[in-house]
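Hi,

Here is the structure I promised to pass on to you. Have a look at it, and then read on for what turned up in it.

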Amino acid sequence: MTTATYAACAIASYLLGSIPTGFVWGKARGIDVRTVGSGNIGATNVMRALGKGPGIAVLVIDALKGFLPVFFAPRIVSAVAEASASAAAHAAATVDVSLLQIICCIAVIAGHNWTCWLKFKGGKGIATSAGALLAFLPLPLLCALGAWGVVFGISRYVSLASITAAAVVPVATWLIVGEPKLIIFTSVVGALAIYKHKPNIQRLLAGTENRIGGKKGS
C-alpha cells in the first residue's frame with residue numbers, strides 16, 4: 001500500500017506540474033510563447049510577450065502547481081489512513097511524510113520542466129520549485145527569495161537572480177534545517193534549476209541576456 005501511495009502521489013504531482021500554464025495562456029491570446037523572446041513558457045517570457053498582468057498570473061499559477069501537491073498529499077494520505085476500516089489497513093497506509101513531500105516536489109517540478117503535453121519540453125521550474133518548497137521548507141525558501149531580490153535589484157537579470165536563489169537554497173537548508181536528506185534534496189533541486197538556465201548562463205557570459213526594464217545586454 002505504501003509503495004502504491006508514493007507512486008500515485010508522484011503521478012498526480014507530475015500531471016499537475018505538467019500543465020503548461022504559460023503556453024496555454026499565450027495560446028488563449030493567439031501567441032505561441034515558444035516562438036517569441038527566449039522561447040520559454042515561464043512567467044518571465046510570458047511577461048515579455050503578453051505583458052505584466054499575464055506574466056504575474058502565470059507566475060502565481062506555476063507556484064501553486066508546486067505548492068498544492070506537496071502541501072496536501074500528506075494530509076490526504078493521512079485522512080485516507082484514518083478512515084481505513086482496519087488497523088492493518090491504517091498501518092499499511094502510513095508513509096514517511098518528508099519522503100512523500102520530496103517525491104511530490106520532484107515529480108511536480110519534473111512535470112513543469114518536461115511536460116508530456118509539449119513533447120517533454122517545458123520551463124525552468126523556478127516558480128514551481130518555490131511553491132513546492134514553501135509547503136515544507138519555508139525558511140530556506142525565504143533566504144533564497146531574499147537573495148533573489150538583492151541580485152535582481154542590482155542586476156535586473158531575472159535569470160541571474162534565479163540562479164543565485166537556486167544556489168542559496170541548499171546552503172540555507174544546511175544551516176537552518178541540517179537534515180541530510182533535505183540537504184541532498186535541495187542540492188538536487190538547485191542544481192537542476194541552474195542546469196535549466198544553461199542558455200541564460202551562456203547569454204550572460206556573452207552579454208546578450210535580456211534585462212527587465214533595460215535593453216538586451218545593457
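E179 and K181 form a salt bridge (a side-chain nitrogen of Lys or Arg within 4 Å of a carboxyl oxygen of Asp or Glu), with 4.0 Å between the closest N and O atoms. E179 is partly exposed at 32% relative accessibility, and K181 is partly exposed too, at 31%; here buried means under 20% relative accessible area, exposed over 50%, and partly exposed in between, using a 1.4 Å probe and protein chains only. Together with D96, E179 and K181 are linked in a network of salt bridges.

Please keep in mind that this is a predicted model, where local features need pLDDT of at least 70 and side-chain atom pairs count only at pLDDT 80 or more, while totals for chains, interfaces and linings use all residues. Residues are numbered from 1 along each chain as its sequence is written, and side-chain values use heavy atoms, leaving out hydrogens and water.

The whole structure has five salt bridges. One of them joins K65 to D62, whose closest N and O atoms are 3.3 Å apart. K65 is buried at 4% relative accessibility, and D62 is buried at 3%. Another joins R203 to E209, at 2.8 Å between the closest N and O atoms. In that pair R203 is partly exposed, at 25%, whereas E209 is buried, at 5%.

Enjoy exploring!

Best wishes
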